[in-house]
Amino acid sequence: MLKIVEIFYSIQGEGTQVGVPSIFIRLHGCNLACNFCDELLHKGEYASLSFDEVLERIKVFPSMHVIITGGEPTIYNLNGFIEYLQAYMYSVAVETNGYNFSNISNANWVTYSPKAWDVIEKYGYDEVKFVVSKDSDVEKILAFKSYKPIFIQPQNEIDRPNKENVNFCVEFVKAHPQFILSVQLHKFLGVE
Ligand code: SF4
C-alpha cells in the first residue's frame, strides 16, 4: 500500500524536463522539516492505496510520465511500485532529498535536491537541484561539480515566485555558469 496525499496532472515546472506533461503522485511523510518547505501537504491527510488503485487513478490522464514526489518518497522502498508502473509503459521520475537512493534504484529519472549542503552525494541521480534564497550559504555549493546538470532554483512562495530570490539566482548563475537556472515555471504560469 502507498500513502497517497494527492494525484494530479500538470506540467513539470523544474529542471531538465521542464514542460513535460506529467502525472504527479505525492506521497505522505518526510525525514526532514525544512523551514522553507512548500510541500506542506505531505504532513496532512492521506489515503492508503494499492498499486492497482493508483493505476486506476492515473490512467485517466493521457500522459505516460509519472513523477513521484513528497514529502520524501525514499522513506519508502518504491522499487516494486516503480517496476509495476513501468510494466504498464509509464516512465517514472522521482524527486528526492537523497535520503535513500537504493529505494528508487530502478527509476527512469531521479532529481536530487539536497537540503543540507555539508555532504552532497555524487552518484545515484540524473540531475541536481539546489533550492536557493538570497540568504543561502551558497559558498558551500560553489565547488560542487557533476557530470549531471546542476540547477539553481529560487526559493519561491508556495503559489508564486519570490522576485528577490529569483533575481539573486539569476545573478548567481550568470556569475557561476556551471549552474543552470530552474525557475519553477508552474508558479510563473499560475498552474498547480
Ligand atoms: S525535504 Fe522537501 S518535503 Fe521534506 S521538509 Fe524539506 S522541503 Fe519539505
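Visitor: Which conventions should I know before starting?

Guide: Residues are numbered from 1 along each chain as its sequence is written, and side-chain values use heavy atoms, with hydrogens and water left out. Because this is a predicted model, local features need pLDDT of at least 70 and side-chain atom pairs count only at pLDDT 80 or more, while totals for chains, interfaces and linings use all residues.

Visitor: Which residues does the UniProt feature "domain: Radical SAM core" take in?

Guide: UniProt positions are given in the numbering used here, feature names are shortened, and annotations may be inferred rather than shown by experiment. The unreviewed UniProt entry places this domain at residues 17-192. In the model, the end C-alpha atoms of that span lie 16 Å apart, and the span is 20% helix and 22% strand. Helices (H or I, at least four residues) and strands (E, at least two) are DSSP runs, numbered from the N terminus.

Visitor: Where does UniProt place the feature "binding site"?

Guide: One "binding site" annotation in the unreviewed entry is at Cys30, Cys34 and Cys37. The lining of the largest pocket takes in Cys30, Cys34 and Cys37. On a 1 Å grid over the protein atoms alone, a pocket is an open set of points where a 1.4 Å probe fits, with protein on both sides within 12 Å along at least five of seven lines; lining residues have an atom within 4 Å of a point. Another annotation of this kind, again from the unreviewed entry, covers Phe36, Cys37, Asp38, Gly71, Ser113, Pro114 and Lys115. From that set, the lining of the largest pocket takes in Phe36, Cys37, Asp38, Gly71, Ser113 and Lys115.

Visitor: In which loop does Cys34 lie?

Guide: Cys34 lies in the loop between β2 (21-27) and β3 (47-49). The loop between β2 and β3 also holds Phe36, Cys37 and Lys43.

Visitor: Is Lys43 buried or exposed?

Guide: The idea is to sort residues by relative accessible area: buried means under 20%, exposed over 50%, and partly exposed in between (1.4 Å probe, protein chains only). Lys43 is exposed because its relative accessible area is 52%. Cys34, at 23%, is partly exposed, and so is Phe36, at 24%. In sequence, Lys43 and Gly71 are 28 residues apart, yet their C-alpha atoms are 7.7 Å apart in space.

Visitor: Which residues does Phe36 touch?

Guide: Contact means heavy atoms within 4.5 Å. Not counting residues up to four places away in sequence, Phe36 touches Lys115, Val131 and Gln155.

Visitor: What joins the side chains of Thr111 and Glu127?

Guide: A polar contact is a pair of N or O atoms within 3.5 Å; within protein, one must be able to donate a hydrogen and the other to accept it, and residues adjacent in sequence count only if both atoms are side-chain atoms. A polar contact of 2.5 Å joins Thr111 and Glu127 through their side chains. Thr111 is found in strand β6 (residues 109-112) and counts as buried, at 4% relative accessibility.

Visitor: Which side chain has a polar contact with that of Gln153?

Guide: The side chain of Glu14 does, at 3.4 Å. Gln153 is in strand β8 and counts as buried because its relative accessibility is 2%. Leaving aside neighbours within four places in sequence, the contacts of Gln153 include Lys129, Val132, Cys169 and Ser182.

Visitor: Which residues of α3 are buried?

Guide: First, the length: helix α3 (residues 163-175) has 13 residues and reaches 18 Å from its first C-alpha to its last, close to the 18 Å expected at 1.5 Å a residue. The expected span is 1.5 Å times one less than the number of residues. The buried residues of α3 are Asn165, Val166, Cys169, Phe172 and Val173. They cover an arc of only 125 degrees around the axis, so they sit on the same side of α3. The arc is that of the directions from the helix axis to the C-beta atoms. On the other side of α3, Lys163, Glu164, Lys174 and Ala175 are exposed.

Visitor: What do the buried residues of α3 pack against?

Guide: They pack against β7 (127-132), β8 (150-154), β9 (180-181) and α4 (185-189). At the start of α3, a side-chain oxygen of Asn162 reaches to within 3.1 Å of the backbone nitrogen of Glu164.
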